[in-house]
Amino acid sequence: MKSKLIAILTTGMMLASAATLMPVQAAGKTVTDPVIGTLPEWVPQDFAEAMQFYNSHGKTYVEDDVICLVRPMLQWKEKDYDISLSGSMTMLNTPAGSKPEIYELEIPEKPDPTDLEAVKAYEDYCDKLGIYSHDYSFFESYAGCKTQYAFEVELYRVLEGEDLIVAWREKDGDEYKTTEKFSFENKSGRTVETDLYSWVPDSYPEFNEFFNKYGSASVHDNYIAYCANVNGSTGASLKMEQSGKGKIKQVIE
C-alpha cells in the first residue's frame, strides 16, 4: 500500500524557476500518438493528471487495449532511469510503445488579483493539484526544497497473439539494476496484465477495495497476501514475524 502521492507535494520538491501557467487541455480534445493512435481520455497529459492517475491506479493500468505505466522519479536523476522491453511483441517490425513522456510540476506565476481570468486559471490549477487553499506560499516553499519529482508516463500496445515484458531499471554504480518488472499478453484480442500487479493493490483505492473484499489475509495464485492500515505520521510501523515449521519468502511489499 502506498500513501497518496500528493504527499510528494507536501514533503517538498525543488523547482528551479517559476514558469508561466500552461493552459489545461480542453475536455474532449483528441490526442493522437504515432504508435497507439487516438489516446483514450484517461491517459495522463500533465503532472497533475499523472499524479491523480498514480493515486488511483498505481503503477499499471490496462484499458481499451492500451497499457499505461506511471513511474515517479527524482527529477535530478532522470538520466539514471531506464526501460527494457522483451517478449514476442518486440520481435515484430511494429513498435510496442511510444516515447515516454516526462511531466514535471510547473510553478505558476502569482496572478494579479484584479485579473479575474488569471485568478480563475490559477485556482483551477491549484485544485487540479489538490491545493484547495490556493495559497501561493505553497509554491514559494518549493523553491527552497532540495528534492524535485517528475512522472514518467509510458504507453504500450500488444497485438493479438503476442506478449510483452516491461522492466524498469535504475542506475546502480556503472550498471543498471532492474527494480520492477511487468508482463502483459493478448491471447484473443484483449490485453491483460499477467504479473502480480494484475491483482496486488498498488494504490490507496485499490488497497481499500482489496481489503474490503478479502480482509487482512487471503490467498491468490499460491501467494499469501497480508493487508493492514498503518498511520505512518504517528511513527507506527509494521513488522512481520513467522512461527512454525514452514517458512514464507516475502516477495513484495
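1. A nonpolar core is a set of buried Ala, Val, Leu, Ile, Met, Phe, Trp, Tyr and Cys residues that are joined through side-chain atoms within 4.5 Å. In this predicted model, the largest such core has 30 residues, and those with the most contacts inside it are Phe47, Val70, Leu129, Phe139, Phe151 and Leu155. Two or more residues are given to this core by each of α2 (47–57), β4 (66–74), α3 (116–129), α4 (137–142) and β7, and the largest share, six residues, comes from α2. There is also a second, separate core of 12 residues, which includes Ile67, Tyr156, Leu164 and Phe184.

2. Turning to the strands, please look at the open sheet of four strands, whose order is β5-β8-β9-β10 and whose pairing is antiparallel. Its edge strands, each pairing on one side only, are β5 (81–86) and β10 (191–193), and neighbouring strands of the sheet are turned against each other by 30 degrees on average, direction ignored. Between the antiparallel strands β5 and β8 there are six bridges, and leucine 85 is found opposite valine 166 in β8.

3. Leucine 159 deserves a separate point, and its place is the loop between β7 (149–156) and β8 (162–172). Apart from neighbours within four places in sequence, leucine 159 is in contact with Met89, Leu92, Thr94 and Asn186. Serine 88 is 71 residues apart from leucine 159 along the chain, while the C-alpha atoms of these two residues are separated by 9.8 Å.

Conventions. Residues are numbered from 1 along each chain as its sequence is written. This is a predicted model: local features need pLDDT of at least 70, side-chain atom pairs count only at pLDDT 80 or more; totals for chains, interfaces and linings use all residues. Side-chain values use heavy atoms; hydrogens and water are left out. Contact means heavy atoms within 4.5 Å. Buried means under 20% relative accessible area, exposed over 50%, partly exposed in between (1.4 Å probe, protein chains only). Two strands pair if DSSP finds at least two bridges between them. Axes are lines fitted to C-alpha atoms, for helices over the stretch in contact, and angles run from 0 to 180 degrees between N-to-C directions.
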